[in-house]
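Open the model in your viewer and keep the selection tool at hand. The tour below moves stop by stop.

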Amino acid sequence: MSKEQQERTMWLDCSQGVTSAKLFDAIERHFPDTLSWCEVQRFMTSVRAREQASAVFEVLANAEAEAHGVSRDEMHFHEVGRLSNLTRVIGIFAALEMLGINEWYASPPVIGNGTVTCSHGDLSVPTPATKRIIGAHDIPITAVEEEPIVGELTTPTGVALLTQASGFLSEPPGSALRFSTRNLPQ
């Protein structure tokens, strides 16, 4: 990795909310279409990516345990623990490392409102876990002035991913790579 790559900064536009799928898709748009065998091995064995992914799931475990009034060891992940979510979270950090991004910022996310149906039935948005993560980590959120946005735009996993950001900025810093969680047409 060149010195230039080691100093890359990223800014994530969360004006459409953030989920693990949205962040993964945003990063994938910047990721190379082909990788060498050495790059694949590096992607698969990144200690830093595993540590960051573990930190995200620790945040989620603490929030979910608190929301359910149980210890972390008694808590069970439902939607958050799906294989697709697990692989996206670790893949996000491995991809950021391969892109040479060691510092990243995000805009304050839009949360949404209304209700969401999950394994526990219908929950208000933001969900209890999302609220706990936002409060415990002082994550700023963006209020939407226009028509109320109905639905869960930022999930517990999305907001837990933001706990790994270097900070929150409304505008991207200088020469930062700009990623967006907006749903772009295919």
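How many bridges join strand β2 to β7? This is a predicted model, and here the answer is two.

**Stop 1: the sheet**

Select residues 101-106, which make up strand β2. Now pick A106 and look across to β7: F168 stands opposite.

Four strands form an open sheet, in the order β7-β2-β1-β8. The pairing is parallel. Colour β7 and β8 (177-180) next; these two stand at the edges. Each has a single partner strand, so one side of each is left without a neighbour in the sheet.

**Stop 2: T163**

Show its side chain. That side chain reaches the backbone oxygen of A160 at 2.5 Å. A polar contact of 3.3 Å also joins the side chains of T163 and Q164.

Which residues does T163 contact, leaving aside its neighbours within four places in sequence? Select V59, I133, H137 and I139 to see them.

**Stop 3: the salt bridges**

How many salt bridges does the count come to? It comes to two.

Start with R72 and E58. Their side chains meet in a salt bridge, 3.3 Å from N to O. The pair links distant parts of the chain, 14 residues apart. E58 sits in helix α4 (47-68), while R72 is in the loop between α4 and α5 (83-98). R72 is partly exposed, with a relative accessible area of 40%. E58 is partly exposed too, at 41%.

Then select R132 and E66. They form a salt bridge, and the closest N and O atoms are 3.2 Å apart. R132 lies in helix α6 (residues 128-136) and E66 in helix α4, so this pair ties together parts that are 66 residues apart in sequence.

Are R132 and E66 exposed or partly exposed? R132 counts as partly exposed, at 29% relative accessibility. E66 has a relative accessible area of 51%. The cut-off for exposed is over 50%, so E66 counts as exposed.

**Last view**

Finish by displaying R72 with E58 and R132 with E66.

Note on methods:
Residues numbered from 1 in each chain as written. Predicted model: local features only at pLDDT ≥ 70, side-chain atom pairs only at ≥ 80, totals over all residues. Heavy atoms only, no water. Salt bridge = Lys/Arg side-chain N within 4 Å of Asp/Glu carboxyl O. Buried < 20%, exposed > 50% of the residue type's maximum accessible area, 1.4 Å probe, protein only. Polar contact = N/O pair within 3.5 Å; in protein donor to acceptor, adjacent residues only side chain to side chain. Contact = heavy atoms within 4.5 Å. Pairing = 2+ DSSP bridges.
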